[in-house]
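Thanks for coming. Please have the sequence and the structure open.

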Amino acid sequence: MSMRQNDSPSTRPASSPEMRERGAERALGLLLLVDLVNEIAPGDPVTAPERWRDVLLRHGADAADLARQPPPHATAVLAAVARLRALFAVREMAELAAHVNPVLAAEGARPRLAEVRPGAWAVRAETDEDGDPALRVLVVGAFALAAWAAERGRIAWGICAAAGCNRTFIDEGRRAPQRFCRPACATRSRVRAHRARLGG
Ligand SMILES: [Zn+2]
């Protein structure tokens, strides 16, 4: 008898978007990483620190906490986002390990069981409180992605396959790996492929 019998697709109700959102947010902060990568334009140091702050606040960061920290340097934000984007481009577990393990080692990441919000507990990586805030988020994010991949047994995220999109996503599906960031991109790609087949 399988221990995961209750997880089979036939008995499991389809989850609502809200439930799926909570699933990915579940202590991992994965949707925060997605937004950081999608909303901070590479090579734009003028808007980067403000967008960084906006995304953190939207994902429940404490405004007073953020105000107490030194603001992240634009170059550090852009570097952290570039390294997060590189993680979203990884397709193999061994390649992920080669990316993540040096980040955790170099920054002296310490795993810690923490109450990330009332009643929600997660194992997270922590680094020195005085460290650069952008680097700290990179470490937390690298650890969270590694934990998510280990739990799912595969690279359960990606960069949208739709032409010209480039947005990242977290794959919470149970069946075929997700290729697009949202249904609109999947539809657009299907239409394009169909037109190409017709020779249009
Ligand atoms: Zn897309």
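Predicted model: local features only at pLDDT ≥ 70, side-chain atom pairs only at ≥ 80, totals over all residues.

Strand S1, residues 110–117, and strand S2, residues 120–126, pair in the antiparallel sense over seven bridges. As for the pairing, Arg 110 stands opposite Glu 126 in S2.

Is S1 buried or in the open? Of its eight residues, the number buried is zero, so S1 lies largely in the open.

Now the helices. Two packed helices are described by the angle between their axes and the distance between the axes.

Take helix H6, residues 93–106, with helix H7, residues 133–152: their axes come within 10 Å and cross at roughly 150°. That angle makes H6 roughly antiparallel to H7. The crossing is left-handed. On the H6 side, the contact is made by Met 93, Leu 96, Val 100, Val 103 and Leu 104. H7 brings Leu 138, Val 139, Ala 142, Phe 143, Ala 146 and Ala 149. By class, that contact has eleven nonpolar residues, no polar and no charged ones.

The other pair is helix H2, residues 30–39, and helix H5, residues 74–89. Their axes come within 9 Å and cross at roughly 115°. H2 and H5 are therefore roughly perpendicular to each other. This crossing, too, is left-handed. Which residues meet here? Leu 33, Leu 36 and Val 37 in H2 meet Val 81, Leu 84, Arg 85 and Phe 88 in H5. By class, the contact of H2 with H5 has six nonpolar residues, no polar and one charged.

Key:
Residues numbered from 1 in each chain as written. Axes fitted to C-alpha atoms, helices over the stretch in contact; angles between N-to-C directions. Helix = DSSP H or I, 4+ residues; strand = E, 2+ residues; numbered from the N terminus. Parallel < 35°, antiparallel > 145°, perpendicular 65-115°, else oblique. Left-handed = near helix turned anticlockwise from the far one by under 90°. Contact = placed C-beta atoms within 7 Å. Nonpolar A, V, L, I, M, F, W, Y, C, P; charged D, E, K, R; others polar. Buried ≥ 20, exposed ≤ 12 C-beta atoms within 10 Å, placed from the backbone. Pairing = 2+ DSSP bridges.
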